[in-house]
Amino acid sequence: MYEAYYELTEKPFSILPDPSYLYLGKRHALAYTMLEYGVENRAGFTVITGDVGCGKTTLIRHLLNNLEQDVTVGLISNTQNEIGELLKWVLLSFDQPYQSADKVELFDQLQRFLIAEYAQGKRTVLIIDEAQNLAGGTLEELRMLSNINADKDQLLQLVLVGQPQLKELLRRPELEQFVQRVSSDFHIPPFSANEVADYVNHRLAVAGREAMLFDDEAMLRIAKVTGGTPRKINILCDTALVYGFSAEADVIPVEIIEEVLRDKAKYGVFGPARGPAGSVGLGAEMDSPVRVAEFPCDADAARALFPSLSKKK
C-alpha cells in the first residue's frame, strides 16, 4: 500500500522472521557470537533465551544461512509440553526414518546416523526452538541422547532457544546434570533506546530507503512504548506508515505515533487491556512503565539522544 509512496521496495516491518533484515545490536551480536561459538567448538549444549518478539528465531535463521557445509542441522520448532516420542521428532528433524514403534530400534537408527555423519567429518547439531515448552523429563531425555560420543568428541550438539521461562525450568534441582552440560548461554534483553532508532533505520535501508522517515520525537516515542522489543517496534512502525500514507505525510511525526496508539487502545480488537500471549495488539501493554535507566525520557537525556530535539522551541 505505502511502499511506492515512501520509496520502499517492500514492506520493511514484517513480523515474520527474515534474516535479511537482521539488525545486530550489541546484545543480539553477543547472542549470535555465543551461538556460533557453541556450534564451532562442539559445545554440548547452547542455551539462548529472550522475551517474546525479541528476535530469537531470526537469529536462528541467520545462523542456518551461515553454517559451513560440514554441519548437519536438525530443527524442531513446534514444541509442546509433552513432545511425545522424542526420538521420532529428532529423527524427523534430520530427515531420517522414524516409523518404527520400537524405541531401541529408533535409538539405534539415530546412533548409526550420528556415527555416519562423524565419519564424514561432519558436526551434527539439533536446534530446538520454543524450548520453554518442553517438560523436564524431555530435557533429561535430550541429555541422555547427548551421551553418544566418539573418543573425545560429542556426536550430537544441542541448541535450545526459548523464552525466559526456559531459564526457570533449567534451575530445577532435577535438571542439574543438564545444566552442567551447558557450555554456551546468553539472554537477549530488549534494545536500548538508541538501538531502536538504529534498528528502524536499518530496516528502512534494507527496504530501499536511505532518507530519514520517522522524526526524532517519533523515534523516541516508539522506543518508550515498545520497550525495545523488535516485534512491537515492527507492528507500531508498520501501522504508522499506513497512517502516514493516508495523511500524505512525507515524514512520520510523533503525532501520528500518538494517533496510532490512541486508535489501537480505543478500536483495537484487544482494547486497552493486554491481549492473549503472542497477540499483536498494541493496547495498554505498549504503554507500560519503562525502566528509566534503559529508556531515558527526561528532557536532557532526550536532547542528548536526539540532538535535533534541542532545536525545537
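# Helix packing and nonpolar cores in a predicted model

The axes of helix α3 (residues 86-93) and helix α4 (residues 103-119) come within 10 Å and cross at roughly 30°. This is a predicted model, in which local features need pLDDT of at least 70 and side-chain atom pairs count only at pLDDT 80 or more, while totals for chains, interfaces and linings use all residues. Residues are numbered from 1 along each chain as its sequence is written, and side-chain values use heavy atoms, with hydrogens and water left out.

- Helices (H or I, at least four residues) are DSSP runs, numbered from the N terminus.
- Axes are lines fitted to C-alpha atoms, for helices over the stretch in contact, and angles run from 0 to 180 degrees between N-to-C directions.
- Because angles under 35 degrees count as roughly parallel, α3 and α4 are roughly parallel to each other.
- Their crossing is left-handed, meaning that the near helix is turned anticlockwise from the far one by less than a right angle.
- From α3, L87, K88, V90 and L91 meet K103, L106, F107, Q109 and L110 of α4, where contact means heavy atoms within 4.5 Å.

**Nonpolar cores**

- A nonpolar core is a set of buried Ala, Val, Leu, Ile, Met, Phe, Trp, Tyr and Cys residues joined through side-chain atoms within 4.5 Å; buried means under 20% relative accessible area, exposed over 50%, and partly exposed in between (1.4 Å probe, protein chains only).
- The largest such core has 33 residues, of which V200, F214, L241, I252 and I257 touch the most other members.
- At least two residues of this core come from each of α8 (193-206), α9 (216-226), α10 (230-247) and α11 (254-267), and α8 supplies the largest share, 6 residues.
- Beyond its neighbours within four places in sequence, V200 is in contact with F13, F214, M219, I233 and C237.
- Another core, of 29 residues, lies apart from it and includes V47, F94, I128 and L158.

**Helix α10**

- The 18 residues of α10 should span 26 Å at 1.5 Å a residue, and the end C-alpha atoms are 25 Å apart, which agrees; the expected span is 1.5 Å times one less than the number of residues.
- Buried residues of α10 include I233, C237, L241 and G244, and their cover includes α1 (26-40), α8, α9 and α11.
- E248, with a positive phi near 55°, follows α10.

**Residue E36**

- E36 lies in helix α1 and counts as partly exposed, at 29% relative accessibility.
- The C-alpha atoms of E36 and T46 are separated by 9.7 Å, the two residues being 10 residues apart along the chain.

Definitions and conventions
Angles under 35 degrees count as roughly parallel, over 145 as roughly antiparallel, 65 to 115 as roughly perpendicular and the rest as oblique.
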